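This briefing goes through the strands, sheets, pocket and backbone details of one model. Please keep the sequence and the coordinates open while reading.

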Amino acid sequence: MITEYQRKLREHYIAAAVMPAPEPWRLVPDYRIPVGGLTGIGFAVHPDSGHDLVMAVSGAGHGLFDAVTGERIARDRDPDPDTSTPDASPDLTCPGLGPIEGTRVHIAGLFGGGLHSGTPDGWLVDVVSPEWPHDRVILSTDGPPHEGPAGGTWWHVFHSRHSQLHAVGFSPSGLTLAVATSSDLTLWTRPQCTQPR
């Protein structure tokens with residue numbers, strides 16, 4: 001049995017429609033990148049452009065995406081079976097590819113691990129499940145997301161209706177927000193760290 005407070009909180013989240021993230025966040029072009037059998041993601045930095053990179057690990061191999069443009073910049077369809085999943089390493093890493101070859105990337109997803117839940121300048125991301133197993137991703141600032149109406153200090157930016165949510169979080173720079181499900185990768189980016197509105 002749930003309390004009256006829990007019932008109201010559940011209704012609060014159910015009532016919030018999916019909405020665009022606020023400025024300065026923007027969806028990356030072709031933002032819903034199909035990655036069948038995705039098991040986890042991790043972040044790196046492009047050594048030349050300085051852009052955040054997102055490495056996706058799936059049953060079909062490894063892919064590396066530019067988090068600003070959404071472009072896939074490297075792909076390994078046949079990674080070494082001994083290192084192809086993060087559980088093969090005690091620190092949940094996989095070898096980098098393309099411009100980050102020779103480095104290890106921490107992967108969060110089905111095998112464990114985690115991504116940043118906040119940014120240095122105060123943005124937060126949470127996952128709520130008022131209608132489990134359908135998870136909702138909440139981007140917030142200026143207080144907890146269960147206070148006030150959606151669109152004020154919190155935004156319901158993603159609803160996982162058709163695929164299982166595997167990882168959600170910010171890049172270490174705080175300039176990228178990634179949502180990884182069992183079927184796709186969704187990215188938001190912003191040009192620089194700015195104070196939340």
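In which loop is L92 found? L92 is found in the loop between β5 and β6 (93-95), where strands (E, at least two residues) and helices (H or I, at least four) are DSSP runs numbered from the N terminus. This is a predicted model, in which local features need pLDDT of at least 70 and side-chain atom pairs count only at pLDDT 80 or more, while totals for chains, interfaces and linings use all residues. Residues are numbered from 1 along each chain as its sequence is written, and side-chain values use heavy atoms, with hydrogens and water left out.

**Backbone details**

- L92 is not a glycine, yet its phi is positive, at about 55 degrees.
- The peptide bond from E23 to P24 is cis, with omega near 10 degrees; P24 belongs to the loop between α1 and β1 (26-34).
- W132 and P133 are also joined by a cis peptide bond, with omega about 15 degrees, and P133 sits in the loop between β9 and β10.

**Five-stranded sheet**

- An open sheet of 5 strands runs in the order β5-β4-β3-β2-β8 with antiparallel pairing, where two strands pair if DSSP finds at least two bridges between them.
- β5 (72-76) and β8 (108-109) are the edges of this sheet, each with a single partner strand, so one side of each has no neighbour in the sheet.
- The antiparallel pairing of β2 and β8 covers 2 bridges, and G40 has G109 in β8 as its bridge partner.

- Another open sheet consists of 3 strands in the order β9-β10-β11, paired antiparallel.
- Its edge strands are β9 (124-131) and β11 (154-159), each of which pairs on one side only.
- Neighbouring strands of this sheet are turned by 35 degrees against each other on average, direction ignored; axes are lines fitted to C-alpha atoms, for helices over the stretch in contact, and angles run from 0 to 180 degrees between N-to-C directions.
- Strand β10 (residues 134-140) pairs with β11 in the antiparallel sense over 5 bridges, and the bridge partner of R136 in β11 is H159.
- Helix α1 (residues 4-14) packs on the sheet and touches β9, β10 and β11, contact being heavy atoms within 4.5 Å; the direction of α1 makes about 105 degrees with that of β9.

**Salt bridges**

- The count comes to 4 salt bridges, each a side-chain nitrogen of Lys or Arg within 4 Å of a carboxyl oxygen of Asp or Glu.
- One of them links E4 and R7, with the closest N and O atoms 2.2 Å apart.
- Both E4 and R7 lie in helix α1, 3 residues apart, which is about one turn of the helix.

**Largest pocket**

- The largest pocket has a volume of about 160 Å³. On a 1 Å grid over the protein atoms alone, a pocket is an open set of points where a 1.4 Å probe fits, with protein on both sides within 12 Å along at least five of seven lines. Grid points are joined across faces, edges and corners, and the volume is the space filled by probe spheres set on the points.
- The pocket is lined by 13 residues, lining residues having an atom within 4 Å of a point. G42, F43, H106, G114 and L115 lie nearest the pocket centre.
- Strand β2 (residues 38-45) gives the most to this lining, with 3 residues.
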